[in-house]
Amino acid sequence: MNRKAWVLFAATSVIWGSSFLFIRVAVTHLPPSVVVFGRCVLGAAFLVPLAVRKHALAGLRRAVLPVAAVACLDMALPTFLTAWVEERVSSSVAGILTATDPLFTAVLALWLIRAEAVGRKRFTGLIVGFAGVVALLGLDFHGRPGELAGAGAVLLAAAGFAGAALVYRRWLAGVPALGVTAAMTVLSGAVFAGPAAAALPRQVPSLVGVLALVVLGIVNTGLAYWLFYLLIDEAGAASAAVITYVMPVVALALGVAVLGESLTAGAVAGLVLIALGARLATSGRAAASDASQDARRPAGASRRAGRPPGEDGPPAPVHAAGHRRIGERPPG
């Protein structure tokens, strides 16, 4: 990667990795539904004008149902689950477990897409990755029901990212990713408008909570997706996908340094095993996809993001929920 790509890579990694810190701060002062609604509305305020200016909303009318499905699986559901979870587990644990997204993508691809071969390397990656989940839960949680429920919700969110990736591959591959992401923020905000109104606190929330929410919406959602698209144009999806493995490290470091969370053996073991397993389980796919598209691209043409990690993350059209190609969204 050139210098510009490295700057984009570092900025996107830090922004998406910090999502878990800001979510933790926001849900300390605001209900999860309010956090989700505010984040999506502010993200839409950034992304929709950008999508209109880039003419990226073309074709969405012909793909209303797939866009709605991706919005649910890739933004509305995981964003709410992550906010709910961070009332129960640390931000660093949430960040580490969200990194299982590529593992679930690989599992679903093996199950649903016959062309996906089950090689020894990928199978080993799945075993190693999910062993990391077991290590994290076994060493840190000790069977505590609230934390286990939170961990299960994070894994469900990661599975949602993976499901959205396959929906995007099947029905939205030709739709501009920026347009899909902008639509996702609008739809997700609309879904949570009612719950957020019902859950509004009676007292004026603290300035800290409001500022955390503003950062989540404008920076960690809107700006992060835009930077991620620029990174894909500059360096390709394969390089951009590496953010998936950097984000949990950022989440862990910020959780320990800023929020005073414990650096435990379970967190370190889980982080290493999940990242290694995800890398093995998905190795070769992003590079092959890039090579295939580059071979068909006219000389001098820029890369186009194939789908909106989540993100936060991600964020999937990796955050997360502005998106990566299939299975390459950093969640967050």
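**The buried interior**

Modeller: S33 has a relative accessible area of 9%, so it counts as buried; the class means under 20% relative accessible area, with exposed over 50% and partly exposed in between, for a 1.4 Å probe and protein chains only. The model is predicted: local features need pLDDT of at least 70, side-chain atom pairs count only at pLDDT 80 or more, and totals for chains, interfaces and linings use all residues. Residues are numbered from 1 along each chain as its sequence is written, and side-chain values use heavy atoms, with hydrogens and water left out.

S33 sits in helix α3. Helices here are DSSP runs of H or I with at least four residues, and strands are runs of E with at least two, numbered from the N terminus. Leaving aside residues up to four places away in sequence, S33 touches F80, F192, P195, A196 and A199, where contact means heavy atoms within 4.5 Å.

S188 is buried because its relative accessible area is 1%. With residues up to four places away again left out, its contacts are C40, A71, M75 and A76. A polar atom of the S188 side chain lies 3.4 Å from the backbone nitrogen of A76; a polar contact is a pair of N or O atoms within 3.5 Å, where within protein one must be able to donate a hydrogen and the other to accept it, and residues adjacent in sequence count only if both atoms are side-chain atoms.

Helix α4 covers residues 64–85. It has a kink of about 40° centred on C72, the bend at a residue being the angle between axes fitted to the seven residues ending there and the seven starting there. The 22 residues of α4 should span 32 Å at 1.5 Å a residue, and the end C-alpha atoms are 30 Å apart, which agrees. The expected span is 1.5 Å times one less than the number of residues.

V154, in helix α8 (residues 145–171), is buried with a relative accessible area of 1%. V154 and V85 are 69 residues apart in sequence, yet their C-alpha atoms are 6.8 Å apart. V85 is one of the contacts of V154 beyond four places in sequence, the others being A94, L97 and T98.

Next, the aromatic rings. Rings of Phe, Tyr and Trp (its six-membered ring) pair if their centres lie within 6.5 Å; planes under 30 degrees apart count as stacked, over 60 as edge-to-face and the rest as tilted. The count by this rule is six aromatic pairs. In one of them, W6 and F9, the ring centres are 5.9 Å apart and the planes at 80°, so the pair is edge-to-face. Both residues lie in helix α1 (residues 3–17), three residues apart, about one turn of the helix. W6 is partly exposed at 48% relative accessibility, while F9 is buried at 10%.

The pair of W16 and Y225 is also edge-to-face, because the centres are 5.2 Å apart and the planes at 80°. W16 lies in α1 and Y225 in helix α11 (residues 207–235), so this pair ties together parts that are 209 residues apart in sequence. W16 is buried with a relative accessible area of 0%, and Y225 is buried at 0% too. With F228, these two residues form one aromatic cluster.

The largest core has 54 residues, and the members that touch the most other members are W16, V35, L172, L178, V180, L231 and I243. Two or more residues each come from α1, α2 (19–29), α3 (32–53), α4, α8, α9, α11 and α13 (243–257). The most come from α11, which gives eleven residues. L231 touches M1, A5, L8, F9, G236, A240 and I243, not counting residues up to four places away in sequence. Another core, of 26 residues, lies apart from this one and includes V89, V93, L97 and L252.

Key:
Core = buried A, V, L, I, M, F, W, Y, C linked by side-chain atoms within 4.5 Å.
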